Amino acid sequence: MKVYINGINAISPQHTFKHEDWLKEPVGYRQVRYLKCIEPVYTEYIDPMAARRMSRIVKTGVCSAIKCLHDAAVEMPGAIITGTGLGCIEDTEKFLGSIFVNKEQLLNPTPFIQSTHNTVAAAIALKLKCKNYNSTYVHRGFSFEHALTDGLMLLHEEPADNILVGGLDELTDNSFIITDRLGLWKKTPVDSLKLLKYNNKGSLAGEGAAFFALSRERKENSYACMSLPAMFYKPRNISEVEHQLSAFLSRDEKTLNDIDLVILGLNGDAAGDKIYYQLIDQHFKNIPVAYFKHLCGEYDTSSAFAVFLAALVIKKQQIPEVACLNKSPENKIKHILIYNHLRNINHTFFLISAC
Amino acid sequence: MPEKVFITGVGIISSIGKGIDETIDSLKNSRSGIGVITLLETAYKNELPAAEVKATHEDLMEIAGIKDKRPYSRTALLGIIAARQALRHAFIDDIAAYRTGLISATTVGGMDKSEVFYRPFIENKRHGRLRDIITHDCGDSTETIADYTGIRDYVSTVSTACSSSANALLLGARLIKNGLLQRVLVGGVDALTLFTINGFNSLMILDKNPCRPFDEERNGLNLGEGAGFLMLEAESIAEKEKKSVLCEISGYGNACDAFHQTASSPEGDGAYLSMKKALDTARLEPSMIDYINAHGTGTKNNDLSEGKAIERLFGNTPPPCSSTKAYTGHTLGAAGAVEAVFCVLAIQNGIIYPNLRFQKQMSELSFSPVVALQNRKPLKHIMSNSFGFGGNNTSLIFSAI
């Protein structure tokens, strides 16, 4: 299954929304423990009345989706599929809090309505009056990958074309506090661009939305093409990861010699990053390696940011120096391998190729 | 030609039974599980009926045979119980023998535990036990079921509100047809929570009496809880293993109403499209459907919209139709799977379930639902509808072999 990425968009802690030049101007944040999105002026894309009722993740999702479809010159997508690890947590928290504060009496239903995980996909459909296939996946570090897999299958099996797939998560004050208590983040503030220099426990929290318009057909402005991502759950050891990697590459009739750039999910957590460094030492020695979580932070659907980055890098044939771990690629970048894992539970590979 | 997708085992736990035998007995004897709330600690205990699984956390731990100290949400326990039944029913003992996946669906995941965490947490952000919040996200119950059953090849969670588990079935069937999996355990689970009971109550769509789907005087839905799981196997694997096959998933359709975040369109556009697509994938004519297990929540809006859509597709004399939510309440993310299990049992037993408590025909509709248990052999094709907030509509078709 090979499909073309004909439109992309991301709202992230980088200037990605109007993405033409963001690779030239990556933003570094000083002394932070989390990264938040640089948000567009939503009312340029959503009716102000409607925007007022929407929570932040819904606005981010709808705006990014619309901009992505513009980018692909698609008016009506053949399907809308989203992936989100935690969904609309701002409204979930709001409604949950109101139950206890108001002792179950006279509750405002709006946050309940917007707390369901499919709110963003539904809001996009509502905005476009799109009655086509619509679904939402909510599986931790596989959420975006499942959305993508579904989209690729649809392109393979149905007349449906121009499928919109997105991955998104929001960070709220409370979700940061809870995940911080769980020990996910660095205990002292860091400079985001130096994320890998600290060599201690924890990562940098983040958030974002990234959308892709996928098609069976290559267009003049196509960014790249891609195949089915690979997901594997709780690998028992590094050799299982290596096995999965070689199975993934050989499925697409590739070897590591074909890979011009590897993008890794390095997130600064010393224990979690070990596996990436082992792979670099043993397999990626001669391949330029890049990383991305110092640009967007760690969250369940951060792999969508990596795919966005890869699609853009292939099209522009340039990569910001701050994203490179070692050397910058010298040759034409034809194939990018992305490897990401979330807390050593959900592991994924993507192959993004020039078309 | 893509492979056929067979159902070789089912598992279920709901207010009307902790297993297939109790469930079919309740269905045959019109025994509804809707009643007074006795387990959930809510201000609405004596005001709003619901369909609880009458088992405490400890009871469920015991049924599941779990003794370890890992935190389990009620959602995960209900899911484990139904998933284990389905695997046993399908006689699957070696998970690793074939490429096997797990797709579960839920709307609020481990919310029952999150509520325990949140009460002290909102008073003081350092309070609340962390073991009560790490089961919050929807992926948690799925991964807990995966670890319990040993399924590792493909682990996914769907959440499209009240059609969640219908979409889990749809995805499972497609993954097999596309050759990505050989077997997949699909289903859904939701536990009754303060979050959902207060949510639906704030929308003023909960009936203070046991619900009456498709009745002129219907006045809302009752919430329920439970889990349903179904073992899907590729035709080639079922044949090779000489499996006894319960039925086939022959059709599925997913469409979006795109009308309103919570309300359905008056003409039921999304419902019509999802049913139409399901017929198209099954290559069936409307007249070939023998029974429709309707979404039929009992709200004014759903039943009218769904009824109109059924009329549009099937004409003024549609096939026998009933909503089994008058038995189980609305089990939200589990509903599609719970009702899929009912459809499988209907085909197995050659019966059509009554739409309990129906009295008065809806003035807007030309048809009324089945009111008494019907023996009807053979039942060849059954359609099951699941519609959700956000207009996420999915229809499935189950066919006898």
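Predicted model: local features only at pLDDT ≥ 70, side-chain atom pairs only at ≥ 80, totals over all residues.
1. Let's start with B:Leu169. This residue sits in helix α6 of chain B, which covers residues 164–177. Is B:Leu169 buried or exposed? B:Leu169 has 31 other C-beta atoms within 10 Å, and 20 or more is the mark for buried, so B:Leu169 counts as buried.

2. Who are its neighbours? Skipping anything within four places in sequence, B:Leu169 is in contact with B:Val186, B:Leu230, B:Ile249, B:Gly336, B:Ala337, B:Ala340 and B:Leu396. Another pair to look at is B:Leu169 and B:Phe229: their C-alpha atoms are 9.2 Å apart, while 60 residues separate them in sequence.

3. Next, strand β3 of chain B, residues 100–105. How many of its 6 residues are buried? The count is 6 of 6. In a regular strand, side chains alternate between the two faces of the sheet. Here B:Thr100, B:Leu102 and B:Ser104 are buried on one side, and B:Gly101, B:Ile103 and B:Ala105 are buried on the other, so both faces of β3(B) are covered.

4. Which strands pair with β3(B)? One is β5 of chain B (residues 183–190), joined in the parallel sense over 4 bridges. Another is β4(B), also parallel, over 5 bridges. B:Ile103 is a handy place to look at both pairings: its bridge partner in β5(B) is B:Val186, and in β4(B) it stands opposite B:Ser156. B:Val186 has come up already, as one of the contacts of B:Leu169.

5. On to the largest nonpolar core, which has 250 residues. Which members touch the most others? Those are A:Ile263, B:Leu230 and B:Val344. B:Leu230 is also among the contacts of B:Leu169. Over in chain A, and again leaving out neighbours within four places in sequence, A:Ile263 is in contact with A:Ala290, A:Tyr291, A:Phe292, A:Ala306, A:Leu309, A:Ala310, A:Ile336 and A:Ile338.

6. Last, the contact between the chains. It takes 48 residues from chain B and 46 from chain A. On the side of chain B that touches chain A, the elements giving two or more residues are α4 (111–123), α5 (138–149), β4 (154–158), α6, α7 (194–202), β8 (247–256) and α9 (269–282). The largest share, 5 residues, comes from α7(B). By residue type, this side of chain B splits into 21 nonpolar, 21 polar and 6 charged. Note that α6 is on that list, and α6 is the helix that holds B:Leu169.

Conventions. Residues numbered from 1 in each chain as written. Chains lettered and ligands numbered in written order. Buried ≥ 20, exposed ≤ 12 C-beta atoms within 10 Å, placed from the backbone. Contact = placed C-beta atoms within 7 Å. Core = buried A, V, L, I, M, F, W, Y, C linked by C-beta atoms within 7 Å. Nonpolar A, V, L, I, M, F, W, Y, C, P; charged D, E, K, R; others polar. Pairing = 2+ DSSP bridges.
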